[in-house]
Amino acid sequence: MTSHDPETSPRRAARAEAERLATAALTLPAVFDERAPAEQAPTRGRRRGRIGAFDAAAPGPRGIRRFSPVLLRRRLVVVVAAVIVVAGCAVAIGAAASGGVPGPASDAVDHPSGPPPVADDGIPVPQLAAVAATATPCDDPAFTAALASGDDAATIAAAGGGQAFRAAVASGIAPCVSLSDPNREWLVVNKQRPYDPVDYQPGDLVMPANVRALEDSAVRAPAAAALTSLVKAASDAGVGEIGYLSAYRSYTTQKSTYAGRVAVGGVAEADRESARPGFSEHQSGMAVDIVPCNGSCRTLDDVAGSPQGAWVREHAWEYGFITRYAEGRESVSGYEPEAWHLRYIGPELARAYHEGGFTTLEEFFGLPAAPTY
Ligand SMILES: [Zn+2]
């Protein structure tokens, strides 16, 4: 029965030993400081030995006289005391000149418009450096539980919101978050990042309600609901109807789409406008190519100059979408600007993207540019 006694179980003994070692490591400096005077004597002896060696140095050219160890120590004490008094006075004068008493470091942080941390006389006011957060959300059980549940919004909330989630992922401290997981809103697919598996198919494709679809092309459920809201908001704002041509495209569909582009303009031309199979955002079910409709619908090329296109540039982020291939970012995204191609990344990340002024998903998540395959 003793083997079941928690006080004597091997696991408890091992943990106790680990805690003892950790405690010993933490208290080593204190042990050093609190040694009995007799134990400190050798240190003092060594110090005296060094001073003695200095004392024994030959007189310099100007005939510096030799000091006895005791005399030298007394002079050192006087000099150190004088330095402390002068420094103290200078700090006090500096504080009086700035109209207050030097406060704790947090004052400087809380009041950035206050006095500079260095006084006029150049003597720095003691400061505590702001400690950067290094904790990874991957060590937070609430975060890992939300991540494992597949709930993207809950995962981002557990990280502290879109900005915090992005910062953690981009800085590399959140290796438990995979930007290659095609089921997550933070998926990044580009010419350097194919799907895994290459013929991935989403499991929750639906046709968005109350949105004109010019092709029989579905969208993943969260993106479909967001698209319905976006289209209604644009209509309510008076900019006209937004319909869409193409959303989800399977690996097989993309294969024929890309082949068709290659047949028309060659590989180089096709790669600038269309993705190779296994590399298209449309395969995720979270990308949609919109068109402006006024009675009848117009083409993809008409989006940029339309009121609908202007409204989408301003407001799409409010519904969780970003313009994935922005003007002038071909060297990073790998594609010419596509005003019509919206990518759903969820409202939390889209807000962080918008507020951070990002123009590529690669830069948003700290990934390398992907101009070519
Ligand atoms: Zn597209």
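Select Tyr 325 first: its bridge partner is Glu 338 in strand β7. This is a predicted model, in which local features need pLDDT of at least 70, side-chain atom pairs count only at pLDDT 80 or more, and totals for chains, interfaces and linings use all residues. Residues are numbered from 1 along each chain as its sequence is written.

Next, select residues 321-325, strand β6, and then residues 338-344, strand β7; 4 bridges join these two antiparallel strands. Strands (E, at least two residues) and helices (H or I, at least four) are DSSP runs numbered from the N terminus, and two strands pair if DSSP finds at least two bridges between them. Strand β6 is mostly covered, with 5 of its 5 residues buried. A residue is buried if 20 or more other C-beta atoms, placed from the backbone, lie within 10 Å of its own, exposed if 12 or fewer, and partly exposed in between.

A cis peptide bond, with omega about 5°, joins Asp 196 and Pro 197. Then select Asn 210, in the loop between β1 and β2 (219-220). Phi of Asn 210 is near 60°, a positive value in a residue other than glycine. Most residues other than glycine have a negative phi, and most peptide bonds are trans. Asn 210 is exposed, with 10 other C-beta atoms within 10 Å.

Finally, display α7 together with helix α12 (residues 347-355). Their axes, lines fitted to C-alpha atoms over the stretch in contact, come within 8 Å and cross at roughly 75°. The two helices, α7 and α12, are therefore roughly perpendicular (65 to 115 degrees).

Notes:
Axes fitted to C-alpha atoms, helices over the stretch in contact; angles between N-to-C directions. Parallel < 35°, antiparallel > 145°, perpendicular 65-115°, else oblique.
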